[in-house]
Amino acid sequence: MNILIPHNWLLEHLETNANPSDIQRELSLAGPSVERITQDGGEAIYDIEVTTNRVDSMSVRGIAREAAVILNQAGFKSKLKPLSIPVPHETNVLRLPKIFNKPELCGRIICVILSHVQRTPTPDWMAKRLKQTGMNVHDCAIDITNYVTHELGHPCHAFDWDKLVATGGEIRVEEAKKGENFSTLDGETFTTVGGEVVFKNSQGRIIDLPSIKGTQNTSIDDQTQNVLLLMESIKAAKVRFASMTHAIRTTAAQLMEKNVDPHLAEPVLKRGIQLYQELCLAEVASPIFDEFHNSSPPRPVITPMVIFEKYLGIKLSQTAISTILINLGCQVQLDETKSNLVVQPPTFRPDLTIPADIVEEVARIYGYHNLPSQLMTTAIPTIYPKHTNFDLEEKAKIFLSLVGWQEVYTYSLVSKIQAEASGLAAGRHLKLQNPLTEDKVYLRRSLLPSLIEVLNQNPLEAHYSVFELANIYQPQTDNLPKEELILGLASHQTARQVRGAVEALLDYLYVDEYEFIPNQDQQITMIYASARGHQNKYKLGTLAIKSDLCLVELEWKKILAVANTHPQYQVVSSFPSVVEDLTFILQPDQSVGPIMQTIKLVSPLIANVAFVNQYEKNTTFRIGYHDPNHSLSSDQLKPIRQKLVKKVELTHSAKLVGKV
Amino acid sequence: MVTNKTKPMNIKQLQSAIHELKQAAVNDDSLVDQKHQTFLGKKGKFNLLAKKILDLPQADRKKAGQLLNQLKSELESILTQSVTSKTLQWIDLSIPGNKPLVGHLHPISQAIEEISRIFEKIGFTRVRYPEADWDWYAFEGLNMPPNHPARDEWETFFVDVPANPEYGKLVLIPHTSNGQVREMERLHGQPPIRMINIARCYRRQQDATHTQMFHQFEGLVVDKGINIQHLKGTLDHFASQFYGPGTKSRIRPFHFQFTEPSFEVDFSCHICQGTGKVGKNKCRFCKSGWHEVGGAGMVHPNVLKASGIDPAQYTGFAFGWGVERTYSLKDDLNIDDIRLIYSNQASFLTQF
């Protein structure tokens, strides 16, 4: 939550010799963060972020209180000015409503009637401050409530007393049932879901949504002459529930859902009375009604003295610690063992509940910047997560990038069309309950539609080849989705080029054995590999051709299973190999792979077969002959070569170019 | 004809003759062919000197032979460095290089690798935990009960599946802090813990500084005797490693439900060294001398307890920041719209 505080308003509560930039710097280091200072006619306006646990700082006075302590510690003269509000003269001219409270829903109700309220325009000084703090200006009778809320931090509400009397002159604090209707003061209508804390009249009609927003039937309007100024402390969780349920996020609700100190209600009421009297010439027409349950302060926090050194790593004297806490409004004493501080937080600090909270208060005021900085000297953990190898991921990614592939990061969330492009129905994907945009609704089950989209988005990059290593999400009944890392590749390159890149990657990761098994009809190739020393093959993934793009998906888990940290060195034979090229004329649509398989099986002396090139039907293979025990003679080679040619010609209806 | 009666020679004289000959070869700037003739030709200077071996005493001849062999190979190497010919084939050395086609690692990968290494150097273990996780791990186990106002800060995506009776709704993690609970669970509540968890995160917001998907890194250290000084030390280590020597960190009060005390972490601007001023002008890059990068704090005793660690014995700290934000503060990187990072435009990515 951010709050805007004009410098001059702050100075009504704070006496200091610090200038605005001192205040910005020191507050930010030890308290609420002053995010920026803007200037309005030569006056500094602080824009201050107040954390959700510190609703006591969400007011001019709250900030002044923090600033007084912090500036003092930083060496500036500073003091919180006392709050001087005249005691109103209570009368008995108009009848207070009958109030039926339920203490478990509302800890305090305080109110007073102000009669003869003149509908005067808001004076310039007040209008200026309201504008400086981002509020609208109406007329004085309305603006006073906003002004005192901003100044002191407890929201207050102005009822039209005559309207309230017309509804029966009763306020019953109750939980709404489901299906009750109410209209807020701006005319919007709502239906309760049940459980909202509301004010009702004797007939059970809702006459206010307390701590959130007034309703039309009782709120102040243009005709109002008599005001019931009222403050209540509805249970914070109840305020939050109603405010979130109906999306009515008023300033009042955002404060009251965070446990505003009910003790604040009284000074705010009296300050309100003072302003109504001064600015609207109102008269106090009733006694002050005050029903206050559980006004006791927060429980004391028993804080072991050793905990300060435990958290700060340095020893602070008991005096230093106590002084800071006392300046912050706590009462401090040592317990009988002399080893614990009993810290009694003030009523406005219900956030101080455990010793670590007390440490925080002492440490921040002492100054985090005054603590030394050092690395820990404790043991280094060596129990590493299993089945994860970040180094290998990095290695693979760097390799792919260095051989010309661009890494991309695409969203895990995809549109319905993209989800279905994976080949799985949208219903087989996990879906967001509350998506922000239509293009990000489903948790993807394939990277390929996203990668294809990247290629399509870069039409000028004819040679763009992209890859991504990211999760896909598989729904599982009664369990977390299965998140599987997938290495996806997409390219305009030919299948042969892409296959080459995949082969090179597998070689680079020292995968000993891998195999590409094509399905010619479906234009898809299965990629298999086995782990060193093991027979069983893992299916790593597929390489497919789809609308002129070549697409690869590999399961990273399987790559991890077959990759090695090092090769197995093969002793180089001292006997020379014989290498020769043979060219065959192939039948149309004849696959090259099976021919190479055939050649390999002709003789154990054929050590390797490589594809050289293809020109129209002429296809050249490079055959390496090797005998690990002898030098091969041409006599030895001749029968093998003849057998090879015969076998290829017979099995594949090919024809050798030339003669053997 | 005067017979050039050769005088007897000793090995020292031979050595100095060898030295002179080498110098002459180095200083001779004639073309290589001519040089070859002068020094290594049939009647070249080397052969002339070699003949003098006969003038040496028998005992020194073996040594002399070695010296001469060495000289010969040295002369050969000197000659290869000489100008080969005045009619060389003309090669245009002004032609730009022919670069091999390379791709690029995505900037987020580069940042993640750098961040990982910086923390691994000081003993952190990198981990990976679910991106779609139960409410318990994302919030409740972090001391954030359902409907807590603090949850408003995390604009959370919910997945449309039935809630788990024990762990609550399925969410896309809005921060990497679920890793804190999971890491303590993985180690069965047994410190030492020094974890760095880097993951994709998701929040329901989208503008120049927010994308629906982003990355965070989360640190967690738990052991006996861990205090705020160690957090400061770790932050300073990261700052100087990631942004360069001299970069400082600073912690300021903040509030998170899962840490107590909680901090906001700033790094000093490397342009103005934290002063906010360059010369007499305001620093254009940081405005105030410091960059806010993220949150940190001492692990809340309830979080330790929820993960089975005794807060009376152990303390710890945690921090979590956005990778994109942290990376975009690098010196002169000039990325001011984080949506660019996920645009996947070649024009952007190929610059990294």
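This is a predicted model: local features need pLDDT of at least 70, side-chain atom pairs count only at pLDDT 80 or more; totals for chains, interfaces and linings use all residues.
The size of an interface is often given as the accessible area lost when the parts come together. Between chain A and chain B, the buried area is about 7600 Å², and carbon and sulfur atoms give 55% of that area.

Specific pairs of residues also link the two chains. Three salt bridges are found across the interface of chain A and chain B. One salt bridge joins B:Arg128 to A:Glu393, with 2.8 Å between the closest N and O atoms. Polar contacts across the interface of chain A and chain B amount to 47 residue pairs, both residues of each pair being at pLDDT 80 or more.

Attention now turns to the sheets of chain A. One of them is an open sheet of three strands, in the order S17-S19-S18, and the pairing is antiparallel. Strand S17 (301–304) and strand S18 (331–334) of chain A each have a single partner strand, so one side of each is left without a neighbour in the sheet. On average, neighbouring strands of this sheet are turned by 25° against each other, direction ignored.

The pairing of S18(A) with S19(A) can be followed residue by residue. Strand S19 of chain A covers residues 340–344 and is joined to S18(A) by four bridges. Along this pair, A:Val332 stands opposite A:Val343, and A:Leu334 stands opposite A:Leu341. S18(A) and S19(A) form a hairpin, with five residues between them. In the turn, A:Lys338 has a positive phi of about 65°.

Which helices lie across strands of this sheet? Helix H11 of chain A, residues 318–327, lies across S18 and S19 of chain A and runs at about 10° to S19(A). Helix H12 of chain A, residues 355–366, lies across S17 and S19 of chain A and runs at about 70° to S17(A).

A further open sheet of chain A consists of seven strands with mixed pairing, in the order S20-S24-S25-S29-S28-S27-S26. Its edge strands, S20 (406–407) and S26 (513–519) of chain A, each pair on one side only. Within the sheet, strand S25 (residues 482–491) and strand S29 (residues 549–555) of chain A run antiparallel and are joined by six bridges. In this pair, A:Ala490 stands opposite A:Leu551 of S29(A). Helix H16 of chain A, residues 495–508, lies across S25, S26, S27, S28 and S29 of chain A, and runs at about 160° to S26(A).

A:Ile85 lies between strand S5 (78–80) and strand S6 (98–100) of chain A. Leaving aside residues up to four places away in sequence, A:Ile85 touches A:Pro267, A:Lys270, A:Arg271 and A:Gln274. A:Ile85 and A:Leu436 are 351 residues apart along the chain, and their C-alpha atoms are separated by 49 Å.

Methods: Residues are numbered from 1 along each chain as its sequence is written. Chains are lettered from A and ligands numbered from 1 in the order in which they are written. Side-chain values use heavy atoms; hydrogens and water are left out. Buried area is the accessible area (1.4 Å probe) that two parts lose on being put together, summed over both. A salt bridge is a side-chain nitrogen of Lys or Arg within 4 Å of a carboxyl oxygen of Asp or Glu. A polar contact is a pair of N or O atoms within 3.5 Å; within protein, one must be able to donate a hydrogen and the other to accept it, and residues adjacent in sequence count only if both atoms are side-chain atoms. Two strands pair if DSSP finds at least two bridges between them. Helices (H or I, at least four residues) and strands (E, at least two) are DSSP runs, numbered from the N terminus. Axes are lines fitted to C-alpha atoms, for helices over the stretch in contact, and angles run from 0 to 180 degrees between N-to-C directions. Contact means heavy atoms within 4.5 Å.
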